[in-house]
Amino acid sequence: MQVSDLKLKVDSSQEWVDCVISNFDEFLKDHADCERKASSMAMSFVAKYPDRTEIIPELIHTGIEELEHFRLVYKIMEDRGLTLNHSIPEDLYVKQLLKHCHSDREKRFRDRLIIASIVENRGFERFKLVSENIQDKELAKFYHMIYVSEAKHGHIFVEMALNYFDRDEVFQRWEELAIIEAEILNGLELKPALH
């Protein structure tokens, strides 16, 4: 099995797509929040694991790339007369996923990387759906660029984990957490948000 063979266990619903497309301004605001959080998450790995020198350059690159995505989303928001949320709402999807991390420091590190991969893979899937369903050609092109980037990030975090953990262990844990992710996703309230 290859990293690219790792697949999410459930597809996002057409109802989610319809909700996003019909409330696109709200989705943009949430997207901006998600890019800020993704950049912070990459840099938090650097802060918490400064001894993991093999992955720090990639984490820095990912953090900068996510921040660049935030800049681009904010430009679209500005053009539409939208402002950022005053505070970033709690992400119940990610919070519920993180509850399934091991408490052991090493295994928690592994699980955090795998969860980051799963979250990025879900972002890829959902941004791709937005790109394919939105009528505005410029926005469709923009979201195509975003989902291609998210696909790469999904693989990067698994590759990072493989620096430190056995391949079978990483892939098995990815599968376990992907099943949990599907249950969490199916239980989420439908709203114009990435999660």
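The model is predicted.

**Exercise 1.** Find the residues that line the second largest pocket and lie closest to its centre.

*Solution.* 
Step 1. Take the lining, which has 19 residues.
Step 2. Pick those closest to the centre: Asp 30, Glu 90, Lys 191, Ala 193 and His 195.

**Exercise 2.** Assign the lining of the second largest pocket to elements that give two or more residues.

*Solution.* 
Step 1. H2 and H4 meet this condition.
Step 2. H2 supplies the largest share, with six residues.

**Exercise 3.** Sort the lining of the second largest pocket into nonpolar, polar and charged residues.

*Solution.* 
Eight residues are nonpolar, two are polar and nine are charged.

**Exercise 4.** Describe the largest pocket by its space and its lining.

*Solution.* 
Step 1. Its space comes to about 410 Å³.
Step 2. The lining of the largest pocket counts 24 residues. Nearest the centre lie Lys 37, Ala 38, Met 41, Val 94 and Val 119.

**Exercise 5.** Which element gives the most to the lining of the largest pocket? Then divide the residues of that lining into nonpolar, polar and charged.

*Solution.* 
Step 1. H2 gives the most, with eight residues.
Step 2. The lining of the largest pocket holds 11 nonpolar, four polar and nine charged residues.

Technical notes: Residues numbered from 1 in each chain as written. Predicted model: local features only at pLDDT ≥ 70, side-chain atom pairs only at ≥ 80, totals over all residues. Heavy atoms only, no water. 1 Å grid on protein atoms, 1.4 Å probe; cavity = no way out; pocket = protein on both sides within 12 Å on 5 of 7 lines; lining within 4 Å. Points joined across faces, edges and corners; volume = space filled by probe spheres on them. Helix = DSSP H or I, 4+ residues; strand = E, 2+ residues; numbered from the N terminus. Nonpolar A, V, L, I, M, F, W, Y, C, P; charged D, E, K, R; others polar.
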